[in-house]
Amino acid sequence: QRQRLPWWFHGAVAMVKRALCVGCNYPSKAFGLAGAVNDAFLIAETLQIHLGFRHENICVLHDVYPGQKKSLKVEPAKCPTRVNILHQLQQTVRNTKPGDVLFFSFSGYGLQVDDMDGFQDEGYDEAVLPTDFVDGRDGDYSVIVMNDIHDILLGVPQNVVVTVLMDCDHATSLIDVGGTIDGSLVSGLKFSNFCGLQAHTAKMTLANHDRDVWQEEKARAVKARPRFQPVMEIDNPRKGRLPTRPAMSRSSSIAFCFAAAGHGQTAMELQMTIPGVDGAESTTKQHGVLSWCFVHALEERRFDCTVFELQEEIRRQMQQLKSQSLPRMDQDVLMTFASPLSKPRTMKALQPLDGGLTPDQGLSIGQSMRIAAPTVVPPPRPGQVPSQSSASRPVTTSRQPSEDHPDARNLQRGASELVHHNVEGREGGSFRVQGASYAPPPRADPAGYGAVPRDVSRTSAESFRPVLRTDSAADRQLPAPPPPMPANLTPSPSHHLPPP
């Protein structure tokens with residue numbers, strides 16, 4: 001049951017962590033994948049158990065059920081089609097409030113798209129492949145270009161921390177092509193000459209992949225598969241996009257993106273060995289390299305590290321996996337961020353912008369709370385003139401924290417203070433899809449607690465007297481009263497004085 005909020009908690013807003021995890025195995029295609037859906041559920045389970053994401057705020061789109069036959073159909077609302085991915089992404093962004101945390105991951109095929117409606121030799125667009133890419137419009141394939149995902153994700157409110165995980169190829173230009181640790185541009189950008197000056201465009205050059213990475217003998221032994229598709233020629237790849245608000249992306253966004261591979265590298269998936277528990281035999285399960293290393297890097301860092309430290313730990317996990325299972329693997333994690341507000345060396349990974357209290361410091365209301373700090377000065381009582389000095393002082397009240405919440409005094413904090421609260425894990429250790437709705441629960445109405453309506457029916461009319469308000473004490477001196485009327489002068493019945 002929901003606990004009753006203390007009296008001083010009026011106007012508080014809950015910090016919410018939201019996530020959208022997409023996994024496309026393409027079960028109806030001969031060249032489908034085997035580990036993308038496993039990635040989506042593994043990441044969702046990690047977010048829920050260790051990072052404070054609540055189950056109702058996590059949406060998983062998948063085209064097969066993990067461990068089930070491909071013939072078992074997934075309900076249409078949970079299938080990662082082009083429309084569902086863009087719709088769920090827009091809904092997640094619309095539901096975010098200032099100070100929230102947003103996470104988006106995609107596991108599947110990435111590719112380069114040649115826009116046939118554009119100019120010749122202008123470069124290629126980076127895109128991802130939804131599960132219904134064959135069912136395109138006007139005979140073309142259906143893809144989601146990076147520009148569409150960029151426009152949606154960077155339209156979040158202020159102070160929302162966005163983290164993106166793209167376990168596919170050709171996803172290096174999603175956030176910012178210049179937002180790298182060393183300040184250089186990402187590789188593979190298309191450059192053009194404008195009036196004798198060379199400048200990069202939003203397009204990419206054609207990427208070449210080394211087939212020996214997944215065709216060698218050791219790669220076949222672990223069932224390694226690349227996560228890219230050949231170049232597709234499509235007339236206007238952004239055709240049929242969902243309508244968005246006609247505005248540019250916010251320049252003050254805080255966003256980080258982990259891409260599985262750089263330009264010309266090959267993102268891979270392979271069989272991972274999962275050790276047994278309590279003497280049980282180890283098992284194997286197909287996973288993407290980036291998703292697997294992302295989860296294990298968080299575990300090594302005990303789910304408390306900066307974004308830069310997480311990138312370095314992912315790179316170390318990839319090198320260890322390369323030496324053990326895939327010696328020809330050439331992929332390396334690429335982390336980009338939206339400048340100038342994103343600070344990967346100081347900001348915590350998957351945490352809100354400002355640090356806050358931990359659960360053992362007295363927070364037991366549910367999820368993390370951000371307390372609005374502006375001091376609200378109530379209007380003066382009828383017949384009272386507040387002075388300038390008293391109006392500038394914070395208003396105190398004789399009400400004390402209620403006894404039903406003993407930690408109320410410890411909960412009161414300053415402005416824009418965010419608090420992180422870890423959600424306990426589920427029994428069984430697996431993330432399960434329950435119900436068809438992942439809408440977040442309605443926020444607590446702050447006005448519903450402690451609000452006492454004022455009864456004006458019994459208030460006398462004498463209390464509503466006009467009050468003369470001035471700026472200083474000297475101006476509040478009323479003028480002297482007029483001299484008294486002489487006793488021999490009396491007003492006439494017509495209320496006019498008689499002539500002298």
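Which side chains meet in a salt bridge at 3.8 Å, N to O? Select Arg82 and Asp148: their side chains form that salt bridge. Arg82 sits in helix α2 (residues 82–95) and Asp148 in helix α3 (residues 146–153), so the pair ties together parts that are 66 residues apart in sequence.

**Confidence**

The model is predicted. Colour the chain by pLDDT. The chain average is 76, and 65% of the residues score at least 70. Select strand β4 (residues 101–107): among the elements of the chain, this strand has the highest mean pLDDT, 98. Then select helix α9 (residues 408–411), which has the lowest, 38.

Two stretches come next. Over residues 5–11, pLDDT stays under 50; the model has 23 contacts beyond four places in sequence for these residues. Over residues 432–475, pLDDT again stays under 50, and here the model has 55 contacts beyond four places in sequence. Where pLDDT is low, the predicted coordinates should not be read in detail.

**Helix α7**

Go to helix α7 (residues 307–324) and show the side chains of Glu312 and Arg315. These two meet in a salt bridge, 3.1 Å from N to O. Glu312 and Arg315 are three residues apart in the helix, so about one helical turn separates them.

Is Glu313 buried or exposed? At 7% relative accessibility, Glu313 counts as buried, because the cut-off for buried is under 20%. Arg316 has a relative accessible area of 42%, so this residue is partly exposed.

**A network**

Now select Asp39, Asp167, Arg227 and Glu269 together. Salt bridges link these four residues in a network.

How many salt bridges are counted in the model? The count comes to 14.

Notes:
Residues are numbered from 1 along each chain as its sequence is written. This is a predicted model: local features need pLDDT of at least 70, side-chain atom pairs count only at pLDDT 80 or more; totals for chains, interfaces and linings use all residues. Side-chain values use heavy atoms; hydrogens and water are left out. pLDDT is the predictor's confidence in each residue, from 0 to 100. Helices (H or I, at least four residues) and strands (E, at least two) are DSSP runs, numbered from the N terminus. Contact means heavy atoms within 4.5 Å. Buried means under 20% relative accessible area, exposed over 50%, partly exposed in between (1.4 Å probe, protein chains only).
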